[in-house]
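Keep the viewer open while you read.

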Amino acid sequence: MSFLSLRTWQLGIKSLLLHPLRSLLTVLGIFIGVASVIWLLAIGEGISQKAQEQIEGLGADNIIVRSIKPPEEAGSASTFIVRYGLTREDFTRLTETIPTVERALPIREIRRRFSFGGRMVDGRLVGCTPEYAEVTRLEVDRGHFLSDAEVREKKNHCVLAAGTAQQLFPFEDPIGRSIHVEQAYYVVVGVMQHKDPTAAIGGSFAAQDFSNDVYIPITTLWSRIGDVIVTQRSGSREGEQIELSQITLRIDEVEHVMETAELVKATLARYHPQGDYGVTVPKELLDQARTTRLMFIIFMGLIAAISLVVGGIGIMNIMLATVTERTREIGIRRALGAKRRDIIRQFLVETVALSIVGGITGVLGGLTCRPVSNLIRSGLESAVPDVMKQLPQVIQTVVPVIVPWSIPLAFGISVTIGIIFGIYPAMRAAAMDPIEALRHE
Amino acid sequence: MTAAAQIQDVTKEYVMDGGTVRALRGVTLEIPQGDYVAIMGPSGSGKSTLLNLLGCLDRPSGGTILLGEDDVSRLSDDQLSEIRASRIGFIFQSYNLIPQLTVLENIEVPLYYQKRLTGKDRRRSRELAEMVGLGDRLDHRPTQLSGGQQQRVAIARSLVNDPYFILADEPTGNLDSVTTLEILDLLGNLNRQGKTIIMVTHEPDVGRRAKRITRLMDGMIQSDERLGKQ
């Protein structure tokens, strides 16, 4: 009777099928363990991949400085116009005093209403320079993005984001048409491809939706609209004076990013004691995300390992019961010539068979991770939409990514656990005195 | 002609909580090939102990046991298993078939532990099943058979490895009188064909079917008589 012989396995499976429910429940324990290893690792990977993608989308060699409205002070309520944020002077200072800054990108964003004919879109008017497209990873769909010449000459040209173009020009080609923004008209010179919104990262970097943007040269924005924006708010009028919404700095080498960030912070701190800005360093976030990912994997792995061990204990429990129940059979087999190792093998084959079946079904269950999680999510969305909306955005959008090595790992662990937890019951069976075992009722 | 089994001055002691129990106190017995011995005696006389020693399920405390030419009294557990698999056929009072196996598979069990099963072995198992009258129930499970039929399967199983002798422990203890006669006839036939049979029983009627009755008392042989020709 050899371990590999078909007969041994046939016999083991036959014995297991004597108690189908019992075997099924034991397999279930391993199934849950294996599937949860794959699931938890896939969800962890999905979350961290998403975070990494978003951070990488900001560019590891970038430093992003944004204007932040300072908390309103007691006396400032009387002031009609609040003045805060980054200035053109800051921009010059940063680009000229820090040698590792290769390029700097001034950006000014304002909420505006765009219209063409009878159609209107509320969106973001972005004053920027030609590098903006490259740095924010926007692709041109038709026409061209803003050029240096257009910026220099303060042209009344604009480029539409995919969403804006779709809504303002559902039928006609927007290139060459003029859209209306406040009192001015801008000629459309290009349309960008669709870009997924980026989620908020870190404290100072809010989520950005690019779909309803209109891009114009920043020089045009400064001369036509200026720094002061007045908004109507329930009867009263409020004003803000901001020169720049954001400055994106591109650093010459990734290794210089961290020290440059320190310099940027130090430079700005001197001129902005009220702290009306925020510095986001994607590389720093990326490093953090990598550490978090590792911790996540360890944590998830730990939880999954616990469930596998619980499954293993289930196997051991069942096998101990089986061995006691089949004492007589063990006695008969010993009397008819089975050696101790034949008995060990026989029971070990049964536990290994259980754990292999559990492992295979567990892997299959693990592979359903993505469709099942989508199903659960859409189920929750239709059943309890309010609860769903309150959940963190990660949970609402995460797509599990199956980690390839988790499949052999989970399967290997399940079989190993089958062997480890099967050995003791099998040894106990083999250690029985055949005479005693034959007498057992 | 060598004896099927030769027992020389065998003793067996069990160490229990209350002290040492001397189950066998020097038993010498020779069983020639082709013999049919009934070992009888009251409970506690040591007949089960003697059967366990002859069946290589246990080792004696003293003395030697020769099966064929091998001294089995000092063999290792694995070696004893090999001897059981290849040279001894067991028949038990409660049949001791394995419930999840079919008739044919039950007959083959001793062969699993001996070597790989060949087509020849399969044929032989089938022939044995036919010989005991169960050729049409090869795929039945033990629970689907009557007591007498189960014991027939056990007899076929005891023959499958072509043993030195068949050890029958109260083979008719669980059977009614009609079936008892059938089983005893079967054993008698086997003996006439040359099989050595050692049977433990406490029923005088059953013992009389043997060629020889060995009586044990308090761990020693009380009498050893050869019965008249049958």
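Predicted model: local features only at pLDDT ≥ 70, side-chain atom pairs only at ≥ 80, totals over all residues.

Two strands count as paired if DSSP finds at least two bridges between them.

Chain B has an open sheet of six strands, and its pairing is mixed. Reading across, the order goes E6-E7-E8-E3-E9-E10. At the edges sit strand E6 and strand E10 of chain B, each of which pairs on one side only. From one strand to the next, the twist averages 20°.

Zooming in on one pair within that sheet, strand E3 and strand E9 of chain B run parallel and are joined by four bridges.

| Strand | Residues |
|---|---|
| E3 (chain B) | residues 36-40 |
| E6 (chain B) | residues 88-91 |
| E9 (chain B) | residues 212-217 |
| E10 (chain B) | residues 220-226 |

Now over to chain A, whose secondary structure comes to 16 helices and 13 strands. Its radius of gyration is 33 Å, well over the 22 Å that the globule rule gives for 441 residues, so chain A is more spread out than a compact globule. The C-alpha trace of chain A spans about 105 × 50 × 40 Å along its principal axes.

What share of chain A is buried? Buried residues account for 40% of its 441 residues. As for contacts in chain A between residues at least 6 apart in sequence, 82% of them join residues at least 24 apart.

Key
Residues numbered from 1 in each chain as written. Chains lettered and ligands numbered in written order. Helix = DSSP H or I, 4+ residues; strand = E, 2+ residues; numbered from the N terminus. Rg over C-alpha atoms; globule rule 2.2 N^0.38 Å. Buried ≥ 20, exposed ≤ 12 C-beta atoms within 10 Å, placed from the backbone. Contact = placed C-beta atoms within 7 Å. Axes fitted to C-alpha atoms, helices over the stretch in contact; angles between N-to-C directions.
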